[in-house]
Amino acid sequence: MAIDHVEGPYPSSNPLERDARLANTDHKVAPSEIAIGVIIGRTAEYFDFFVFAIASVVVFPKVFLPFLEPLTATLYSFAIFALAFIARPLGTAVFTAIDRRHGRGVKLTTALFLLGFSTMAISFLPGYAQIGVWSLYLLAGLRIGQGLALGGAWDGLASLLALNAPIERRGFYAAIPQLGAPFGFIVAAVMFSYLLLNLTDGEFLDWGWRYPFFCAFAVNVVALFSRLRLVATDEFSRLLEQRRLEPSPIIPLIRNHSRELLIGALIPLASFALFHLVTVFPISWINLFTERSPGEFLMIQCSGAFICAGAVMASGLIADQIGRRMLLMITAGLIAVFALGSIIAPLLVEENAIGQTIYVNAGFALLGLSYGQSSGAVTSRLEQRFRYTGAALTSDLAWLLGAGFAPLIVLFLSARYGLACVGLYLLSGAITTLLALGSSRSEIRQV
């Protein structure tokens with residue numbers, strides 16, 4: 001019998017999930033089936049994520065902040081972008097309570113509908129020319145809604161995938177959910193690139209930019225059903241009964257394991273810092289300081305995202321041979337070397353198209369190798385009953401510390417002091433990751 005998290009007269013999806021599991025007990029879900037569902041779900045999340053990120057550069061400064069000069073408008077846009085990362089840990093706390101009281105089906109349905117609605121609603125927002133400063137307040141509110149929803153979208157399916165995989169291939173299967181990042185970026189970037197290259201500036205800023213946001217709701221509905229199907233499996237029920245995928249209260253988790261949470265958040269810092277410095281930041285620099293078309297540059301980044309996807313899978317194969325902790329140390333060292341190269345000879349300089357392409361492709365390759373094994377990293381010293389919620393919270397904190405403010409900080413510093421600041425920011429992330437790994441001698445594992 002599955003565990004009902006909280007006794008009481010509250011509406012809950014637990015009985016429905018239990019019935020669905022009973023109806024599917026004759027069908028054992030293979031890791032490959034779980035992998036497909038996880039990839040679909042993560043791709044939908046990252047599609048929403050990157051649609052907003054790209055629009056923060058090519059849309060929002062002109063539509064919502066036209067009263068500012070371009071650089072300042074982009075910095076303000078990146079500040080709004082960061083709001084989701086501040087809201088995300090709060091979303092984890094709120095939706096963990098919903099999970100415990102009403103069941104995972106209610107939690108996922110609510111979170112993904114909130115995510116889809118918040119993204120789609122942006123497509124209907126009037127600009128500053130129509131309603132003035134209220135357009136900024138509404139945009140910021142919907143961005144906070146996205147952050148809350150992303151905190152609630154943690155479903156444990158990546159853990160289910162890793163725990164159902166053969167022991168000798170867990171690194172490979174742990175990398176599969178990370179494919180959602182490059183796939184989501186590719187879909188979002190292709191949409192925006194097509195619109196930028198085929199519409200006039202007036203058409204794009206009037207209605208063209210709204211289309212990717214409008215598509216988000218349908219994408220999230222598909223992702224929701226792919227996830228709910230897996231939540232209703234016997235394997236998920238069994239792991240829930242073993243308390244390996246059970247949501248735990250946030251306060252006891254923080255009180256008992258604050259050190260482990262901090263270390264878990266700092267371990268992927270190099271990867272998460274690199275994440276925005278090869279995706280979001282380069283678009284802003286190209287758009288503000290070069291004559292190159294952002295639509296064309298997005299296609300260059302798409303080629304890098306394909307390289308990233310291959311590197312993500314390679315990271316799984318390598319981790320199965322040398323261990324996740326060793327791979328994270330190696331990739332942090334490589335990111336440090338990449339950062340030093342960016343300090344000594346910045347490649348995004350003076351219309352250097354070849355240098356820009358090298359920077360993007362090399363950065364995406366390193367991102368795939370590091371990000372493939374770093375997300376949700378926690379130490380084995382975290383008590384088993386806290387690992388599910390602990391993985392979600394460490395991921396939220398890592399995004400907040402490593403990635404949330406990266407475009408804002410790096411663009412501000414680079415505009416004032418030069419592109420070497422990109423390398424300095426990356427180097428600080430790599431050093432932090434190495435120090436965090438050094439302070440945690442136990443093997444890193446996917447919960």
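Which side chains meet in a salt bridge at 4.0 Å, N to O? They are those of Lys107 and Asp99. The term salt bridge covers a side-chain nitrogen of Lys or Arg within 4 Å of a carboxyl oxygen of Asp or Glu. Lys107 and Asp99 are both buried, that is, under 20% relative accessible area, where exposed is over 50% and partly exposed lies in between (1.4 Å probe, protein chains only).

This is a predicted model, in which local features need pLDDT of at least 70, side-chain atom pairs count only at pLDDT 80 or more, and totals for chains, interfaces and linings use all residues. Residues are numbered from 1 along each chain as its sequence is written, and side-chain values use heavy atoms, leaving out hydrogens and water.

The salt-bridge count is 3. Asp396 and Arg88 form one of them, at 2.8 Å from N to O. This pair links distant parts of the chain. Asp396 sits in helix 20 (residues 387-404) and Arg88 in helix 4 (residues 70-102), 308 residues apart. Helices here are DSSP runs of H or I, at least four residues long, numbered from the N terminus. Asp396 and Arg88 are both buried.

Next comes Arg292. Its side chain meets that of Glu296 in a salt bridge of 3.4 Å, N to O. Arg292 counts as buried because its relative accessibility is 12%. Glu296 has a relative accessible area of 38%, so this residue is partly exposed.

Now the cysteines. A disulfide is a covalent bond between the sulfur atoms of two cysteines. The cut-off used for the sulfur pair is within 2.5 Å. Searching the whole structure gives 0 disulfides. Cys215 is buried, because its relative accessibility is 16%. Cys308 has a relative accessible area of 3%, so Cys308 is buried.

Conventions
Helices (H or I, at least four residues) and strands (E, at least two) are DSSP runs, numbered from the N terminus.
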